[in-house]
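This report describes the fold of one protein chain, going from the whole to its parts. Please keep the structure in view while reading.

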Amino acid sequence: VSTRWPSHGCHSAAARAESATNPVILAPPPQPPSPSPQDSATPVAAVPPRRVPAVPLRVGKSPRRRSRRTLSEAPKYLWLAASRALSSSRKVIMLKVQQQRQMARSSGATALRRPSAAPVRRRALARPARHACVRPMMFQPDKQSAKAGGETGDVPRNQLEALRRMTTVVADSGEVALVKKYRPQDCTTNPSLVLKAVQNLEYEHLLANAMSERGKLGAAASGRPFAGAADVLAVNLGVEMLKIVPGRVSTEVDAHLSHDTAATIDQALRLTELYAARGVEPSRVYIKIASTWEGIEACRKLEAQGIATNMTLLFSFAQAAACADAGATLISPFVGRIMDWYKAKEGRDFAPHEDPGVLSVKRIYQYYKTHAYPTIVMAASFRNAGEVRELAGIDNVTVSPSLLAELEGCTDVLPRKLSPDGPPSSEHKLQQMTRQQFDILHSADAMAVEKLGQGVESFAADQRKLEELLAKLA
């Protein structure tokens, strides 16, 4: 029996011709063995042959179409199950997105936009994974929280806000209304500011309280019976300031005691006791002392007792070095008064970057940071806003309300001028300074000697005027 080749053919013509001339004789199929006599008794049922349905081949049809035909013939319940699984997965994804948005709103941020995705090839987008449909969201600060206080946004609205971000702003005023307006961190007072403030009718109750305690802290030996009442008045004003500012208030020792170490210490302790009697802890008070040699020695002993000092009327580098060596908590170099002396001597104005007062404070600041002194440098006595801008970045600045208003009204960018990581100082560290060394270094600066004397006399004169005002009310 010759073989028959399929109609579609899979061999060459030569092979078919050779098969025709030499037909292949196939052996007959093997026959089953004849049953034995023992098996003939048990009849065997004939097994019908298995019929396999022929699957017609669809020549020329693409596999995709053939797969679609197969899916179309699937039972309907498979389609229902697939659609339900797809909808449930979408619901899970949307639920996760809603949960992320709720968490963002509760934490003070809002999902505003999504980051732009990087360009992806078409083949990668042909069959994306289900989890890739949810892109990570970028959170931005809420607008309402950015407006709170006006300083939590990315860009400050004016130069005063910019200055607050790099420097502690202190109000150089004794007027409660102005302190409430500009919200400083600390507040400083002196006899001149106290005298100006008590002339306002709003402080009549403070004057009445001071007069009621007259004589308790008076300096009888000095022949000034209202000196004690002036101390009470200064403390009462400081307590009012502490109701507004979150930090400290500076109260100054009588300038008449600037060259008496023991008397300075005694009055500093009395001022601290007055604050304590009104419920104010020493950690919220600076005791202002003139930076004479006697005042610096009083500072050394008060700091050893835990009383923070603010060394004022500072004009020379020798004063600054001695105060740091004594362990002062804070110093107040006077920028504007230094410039006044050089302006009167040279007869010209100075740009902020060449201002002698600004240069003096920068020198002190670099010296402190280079030698790791913890003493705070608080620039004071400014004459213009340019001096404040040139010292942006310093530890503290105490500024008058008029200059605070000018900075608040300016929207120009305020660059940082000073930083603890700035250029190091070339000055050698002065340790264990003696009275002789201090006198030699300080007396070499004619401006510092003159301005220190004038400052002590000016504050003493305002102290006497304040006591005269209290005497008229007696």
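## Overall make-up

The model is predicted. The protein is built from 19 helices and 10 strands. It has 474 residues, and 39% of them count as buried. The accessible surface of the protein is about 28500 Å², and carbon and sulfur atoms account for 55% of that area. Consider next the contacts between residues at least 6 apart in sequence: 66% of them join residues at least 24 apart.

## Nonpolar cores

Which residues touch the most other members of the largest nonpolar core? They are Leu233, Ile331, Tyr368 and Phe382, in a core of 87 residues. Helix H10, which spans residues 227-242, gives this core its largest share, 9 residues. Another core, of 14 residues, lies apart from it, and Ala255, Trp341, Leu452 and Ala460 are among its members.

With its neighbours within four places in sequence left aside, Leu233 is in contact with Val194, Val198, Leu206, Leu207, Ala210, Leu466 and Leu470.

## Two helix pairs

Two packed helices are described by the angle between their axes and the distance between the axes. The table gives both values for two pairs.

| Helix pair | Angle between axes | Distance between axes |
|---|---|---|
| H9 (residues 204-212) and H10 | roughly 140° | within 8 Å |
| H12 (residues 293-304) and H13 (residues 317-326) | about 20° | 9 Å |

How are H9 and H10 oriented to each other? Their axes cross at roughly 140°, and an angle over 145 degrees would be needed to count as roughly antiparallel. H9 and H10 are therefore oblique to each other. The crossing in which H9 passes H10 is right-handed. On the H9 side, the contact is made by His205, Leu206, Leu207, Asn209 and Ala210. On the H10 side, Ala229, Val232, Leu233, Asn236, Leu237 and Glu240 take part.

For H12 and H13, the angle is about 20°. Angles under 35 degrees count as roughly parallel, so H12 is roughly parallel to H13. H12 also passes H13 in a right-handed crossing. Here Ile296, Cys299 and Arg300 of H12 meet Gln319, Ala322, Cys323, Asp325 and Ala326 of H13.

## Strand S7 and its residues

Strand S7 covers residues 309-314, and Thr309 is found in it. Is Thr309 buried or exposed? Thr309 has a relative accessible area of 0%, so it is buried. Leaving aside neighbours within four places in sequence, Thr309 is in contact with Tyr286, Ile287, Ile289, Cys299, Leu302, Glu303, Ala328, Thr329 and Leu330. Tyr286 is 23 residues away from Thr309 along the chain, and the C-alpha atoms of the two are separated by 5.1 Å.

Leu313 also lies in strand S7. Its relative accessible area is 1%, so Leu313 is buried.

## Positive phi angles

Most residues other than glycine have a negative phi. Leu313 is not a glycine, yet its phi is positive, about 50°. Arg183, also not a glycine, has a positive phi of about 50°. Where does Arg183 lie? Arg183 is in the loop between helix H7 (176-182) and strand S4 (186-188), while Leu313 is part of strand S7.

Definitions and conventions: Residues are numbered from 1 along each chain as its sequence is written. This is a predicted model: local features need pLDDT of at least 70, side-chain atom pairs count only at pLDDT 80 or more; totals for chains, interfaces and linings use all residues. Side-chain values use heavy atoms; hydrogens and water are left out. A nonpolar core is a set of buried Ala, Val, Leu, Ile, Met, Phe, Trp, Tyr and Cys residues joined through side-chain atoms within 4.5 Å. Buried means under 20% relative accessible area, exposed over 50%, partly exposed in between (1.4 Å probe, protein chains only). Helices (H or I, at least four residues) and strands (E, at least two) are DSSP runs, numbered from the N terminus. Contact means heavy atoms within 4.5 Å. Accessible areas come from the Shrake-Rupley method with a 1.4 Å probe; for residues, only the protein chains shown count as cover. Axes are lines fitted to C-alpha atoms, for helices over the stretch in contact, and angles run from 0 to 180 degrees between N-to-C directions. Angles under 35 degrees count as roughly parallel, over 145 as roughly antiparallel, 65 to 115 as roughly perpendicular and the rest as oblique. A crossing is left-handed if the near helix is turned anticlockwise from the far one by less than a right angle, and right-handed if clockwise.
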